[in-house]
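Visitor: I should be grateful for a close look at a single part of this model, one of its helices, and then for an account of the regions beyond it.

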Amino acid sequence: MSEKNSSTNTSVRFVEIEEDFDGQRIDNFLRTELKGVPKSLIYRILRKGELRVNKKRVKPEYRLQGGDLVRIPPIRVAERDEAPKPSGNLQRALEDSVLYEDKDLIVVNKPSGLAVHGGSGVSLGLIEAFRQIRPECRFLELVHRLDRDTSGCIMIAKKRSALKFMHEALQKSRITKIYNALVDGSWSERKKRIDAPLRKNELKSGERVVRVQADGKASLTEYKVLRRIGRVATLVEARPITGRTHQIRVHCQFAGHAIIGDDKYGLDETNRHMKEVGIKRLFLHAAELRIPLPSGGRMVIKAPLDKQLLGAMDALDKQLKMIG
């Protein structure tokens, strides 16, 4: 490999482990510390004993402790293409979208159309953008995910301990997520729960879809009517009690009221009509989070609905009243 196409860490590095990384596996720590280094190379230097913790060889499953001294050997890797930078407009939009921030967490009102992370043809996602916007933060990781076209509240952990705390809170159902969705038709007041098992499927085309199936995973969503627009559409509040992929979208479809703007589970004819009144995206918004804070206490964080969506609902309402 020529010097031009490679970069070399020519000297041994010593890293003292901070308390925040206490309990993390050494292989996972190295994958973050040595970004761009292939996993195979990380496991090779561990296997050969070139990497030492407190002057001793360790296995990949070794869990770090605060104060450990990690010796990282010289490593040569192919240079990576420089990560794409968020545009000035995106940087300003994301800074303006911060709903809450403390020493542990950032909560962002994610815009629709922005993927939460890069990959699968997406070069720059929310988390990559924030890592560049906040270079002073050594650790930034998504606590959970939102579909690319879903807008609203999403949490980013600024410390590994905060990430662990929030994951445990999710597992113990101590976090409440509340969504707003505009659905097709008139949702019945009596339809308060959709309890239907969900299973991921792959079509012959390679597209992945989620369907209600008896052998799927137990899935429960609670619903409440917020606003009616004639009998054409209903704004509902959706609270996913479980956290399955595309859960709210598929449960709405299963109930006979697909989310407007949903190009995967929705109705093409309805979506075409709604585009005419200004609803040109999936009308699903993570409106509220009720969370425990790593520093203590609880917090309710709300993300306002996009003005364009509010205006489109009013335009649809007005249109129906003129017809009626």
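Guide: In helix H6, the buried residues are Gln247, Ile248, Arg249, Val250, His251 and Cys252. The helix spans residues 247-254, and because six of its eight residues are buried, H6 is largely enclosed by the rest of the structure. Just after H6, Gly256 adopts a positive phi of about 90°. The model is a predicted one, with an average pLDDT of 89 for the protein and 93% of the residues scoring at least 70. Residues 1-8 have a pLDDT below 50, although this stretch has 18 contacts in the model beyond near neighbours in sequence. Where pLDDT is low, predicted coordinates should not be read in detail.

The nonpolar cores come next. The largest nonpolar core has 84 residues, and Ile26 and Leu51 touch the most other members. Apart from this core lies another, of five residues, among them Val250, Leu198, Val210 and Tyr265. Val250 is also one of the buried residues of H6. In soluble globular proteins, nonpolar side chains tend to be buried together. As for Leu51, leaving aside its neighbours within four places in sequence, its contacts include Ile26, Leu30, Ile45, Leu46, Val58, Val70, Ile72 and Pro73.

Trp187 lies in the loop between strand E11 (176-184) and strand E12 (193-195), while Tyr223 belongs to strand E15 (residues 220-229), so the pair ties together parts that are 36 residues apart in sequence. Trp187 is buried, since its relative accessible area is 0%, and Tyr223 also counts as buried, at 5% relative accessibility. Lys191 lies over the face of Trp187, at 5.5 Å from the ring centre.

Finally, Gln132 has its place in helix H4 (residues 126-133). At 28% relative accessibility, Gln132 counts as partly exposed, whereas Gln247 in H6 is buried. Gln132 and Gly66 are 66 residues apart in sequence, and their C-alpha atoms are 27 Å apart in space.

Definitions and conventions. Residues numbered from 1 in each chain as written. Predicted model: local features only at pLDDT ≥ 70, side-chain atom pairs only at ≥ 80, totals over all residues. Heavy atoms only, no water. Helix = DSSP H or I, 4+ residues; strand = E, 2+ residues; numbered from the N terminus. Buried < 20%, exposed > 50% of the residue type's maximum accessible area, 1.4 Å probe, protein only. Core = buried A, V, L, I, M, F, W, Y, C linked by side-chain atoms within 4.5 Å. Contact = heavy atoms within 4.5 Å. Lys NZ or Arg CZ within 6 Å of the ring centre and 35° of its normal. pLDDT = per-residue confidence, 0-100.
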